[in-house]
Amino acid sequence: MDMFIRQRIKAVKKGDQSAFADIVEMYKDKIYQLCYRMLGNRHEAEDAAQEAFIRAYVNIHTYDPTMKFSSWLYRIATNLSIDRMRKKKPDVYLDAEVSGTDGLTMYSQLADKGTSPEDALESLELQKMVQEAILKLPEKYRTVIVLKYIDELSLQEISDILNLPIGTVKTRIHRGREALRKHLGHL
């Protein structure tokens with residue numbers, strides 16, 4: 001796969017736009033998931049992922065072939081997500097009570113997907129609680145937790161993406177887990 005990516009990058013540098021489409025196709029789901037886990041909003045994640053690919057295309061000449069392309073692309077997406085988190089504080093919370101109702105939240109307004117078994121509900125509630133806990137983490141811990149446990153990247157890859165020493169990455173993962181443990185201790 002690395003050889004394929006290298007060939008596509010060479011083609012892009014020579015002006016072949018369709019070669020970049022191949023790269024986008026390979027990484028679009030992973031980059032979107034990274035952005036979604038960081039931002040917690042589908043539309044924001046789509047925008048951030050799209051912007052990450054645009055920046056990668058525009059700046060492809062700065063890519064260092066000695067580095068993994070995926071790490072370079074993840075760094076771009078991670079930095080964009082962090083920038084978006086810093087610029088925009090949430091203005092609507094799904095667990096906030098809807099005015100004029102008797103304790104209903106925005107969650108009660110979401111469409112039912114048709115599955116109603118008790119296990120599915122518990123699983124969804126657990127996923128929701130974990131995602132909410134991740135979103136409450138400070139950005140430096142949220143970033144490493146998402147990269148390590150959601151995207152399953154190695155410590156070295158995270159180090160490369162964030163341009164941090166591995167020791168710092170390990171410390172942030174540990175502190176992020178501790179913060180999650182505090183948020184989710186009741187489970």
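How many nonpolar, polar and charged residues does the lining of the second largest pocket have, by class? In this predicted model, that lining has nine nonpolar, two polar and six charged residues.

**View 1. The second largest pocket and the residues around its centre.** The space in this pocket comes to about 260 Å³, and 17 residues line it, with D2, Y27, K68, F69 and S70 lying nearest its centre. Sorted by class, charged residues number six in this lining, beside nine nonpolar and two polar ones.

**View 2. The second largest pocket in relation to helices and domains.** At least two lining residues come from each of helix 1 (2-13), helix 2 (17-39) and helix 4 (69-87). Because domain 1 (1-89) and domain 2 (115-183) both give residues to the lining, the second largest pocket lies between the two domains.

**View 3. The crossing of helix 2 and helix 6.** The axis of helix 2 and that of helix 6, which spans residues 139-150, come within 10 Å and cross at roughly 140°. Helix 2 and helix 6 are therefore oblique to each other, and helix 2 passes helix 6 in a right-handed crossing.

**View 4. The packing of helix 3 against helix 4.** Helix 3, formed by residues 42-58, packs with helix 4 at an angle of about 135°, and the axes of the two helices are 9 Å apart. This angle makes helix 3 oblique to helix 4, and the crossing of helix 3 and helix 4 is right-handed.

Definitions and conventions:
Residues are numbered from 1 along each chain as its sequence is written. This is a predicted model: local features need pLDDT of at least 70, side-chain atom pairs count only at pLDDT 80 or more; totals for chains, interfaces and linings use all residues. Side-chain values use heavy atoms; hydrogens and water are left out. On a 1 Å grid over the protein atoms alone, a cavity is a set of points where a 1.4 Å probe fits but cannot get out, and a pocket is an open set with protein on both sides within 12 Å along at least five of seven lines; lining residues have an atom within 4 Å of a point. Grid points are joined across faces, edges and corners, and a volume is the space filled by probe spheres set on the points. Helices (H or I, at least four residues) and strands (E, at least two) are DSSP runs, numbered from the N terminus. Ala, Val, Leu, Ile, Met, Phe, Trp, Tyr, Cys and Pro count as nonpolar, Asp, Glu, Lys and Arg as charged, and the others, Gly among them, as polar. Domain bounds come from an automatic or database domain assignment. Axes are lines fitted to C-alpha atoms, for helices over the stretch in contact, and angles run from 0 to 180 degrees between N-to-C directions. Angles under 35 degrees count as roughly parallel, over 145 as roughly antiparallel, 65 to 115 as roughly perpendicular and the rest as oblique. A crossing is left-handed if the near helix is turned anticlockwise from the far one by less than a right angle, and right-handed if clockwise.
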